Amino acid sequence: MIENKKTASIVVGLFASMAALAAVAQTSAITFRNTITGEVLDFNDALPEGRDTPGVKQFLATGKNPYNEDPSCLKTGEQTFLSACSGCHGHLGEGKIGPGLNDSYWTYPQNETDEGLFSTIYGGAQASMGPQYVNLSLDEMLQVMAWVRHLFKEEPEKAVWYTPEQRKKFKPYAGHETFPDDSPGLCRTKSK
Ligand code: HEC
């Protein structure tokens, strides 16, 4: 009996220290770096609105975009893409004065991760690819990223940014898709 209690308290202790470790892992969020300079990105520069939505918090802790393939976010993401990106990258992300964003070739290979794509959008790259933190909130960046991913035109297996589940369901973008205003999802309440 005493032995059992002892074992039980060791087990409880173990769980407690595992929980403490998990807590540290969660607060020590990923370090995001500028795509060109490698400097650490400073999120104090971000626009005040849309910087601590649940989606942004989750993304900063995991580096995975929770808005990928969420219909409510695709709708707002498309709108932002058409106003902030398509002038340079083309309506379908096919490339114009800026490179194509809808295929698996990246000038900066880290853009094939959500973490890398976000860093390029937030901090910019070369030439006319300026930092977008001056125009877009962190939340809008995640929305626009989900749309960029959705525009992908190659085989789903190459869409490495998706979860295995999402990859299985994904179809190369065929053009013209509409999302009802009341599409369920994480972005529904904040669509403007
Ligand atoms: C004024 C024109 C312009 C606008 C607006 C613009 N971009 Fe760019 N973008 C460029 C150019 C030019 C490059 C190439 C820069 C380089 O090679 O360093 C680029 C590069 C990129 C890259 C890197 C691609 C790769 O192959 O690695 C990504 C990702 C990107 N842009 C996303 C976006 C998104 C998303 C938006 C909208 C929020 C946006 N851009 C708005 C001009 C623009």
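Which helices each supply at least two residues of the shell around the ligand?

**View 1. The chain as a whole.** This is a predicted model, in which local features need pLDDT of at least 70 and side-chain atom pairs count only at pLDDT 80 or more, while totals for chains, interfaces and linings use all residues. Residues are numbered from 1 along each chain as its sequence is written. The chain has 7 helices and 0 strands; helices (H or I, at least four residues) and strands (E, at least two) are DSSP runs, numbered from the N terminus. Of the 192 residues in the chain, 28% are buried, a term that requires 20 or more other C-beta atoms within 10 Å of the residue's own, with C-beta atoms placed from the backbone.

**View 2. The shell around the ligand.** The helices α4 (86-89), α5 (114-123) and α6 each supply at least two residues of this shell. Among the 24 residues around the ligand, C85, C88, G98, A125 and Q126 come nearest; a residue is near a molecule if its C-beta atom, placed from the backbone, lies within 6 Å of it. The shell comprises 15 nonpolar, 9 polar and no charged residues. Ala, Val, Leu, Ile, Met, Phe, Trp, Tyr, Cys and Pro count as nonpolar, Asp, Glu, Lys and Arg as charged, and the others, Gly among them, as polar.

**View 3. Helix α2 and its buried residues.** In helix α2 (residues 54-62), the buried residues are G55, V56 and F59. These residues lie on the same side of α2 because they cover an arc of only 95 degrees around the axis, the arc being that of the directions from the helix axis to the C-beta atoms. After α2 comes G63, whose phi is positive, near 75 degrees.

Terms used: Buried ≥ 20, exposed ≤ 12 C-beta atoms within 10 Å, placed from the backbone.
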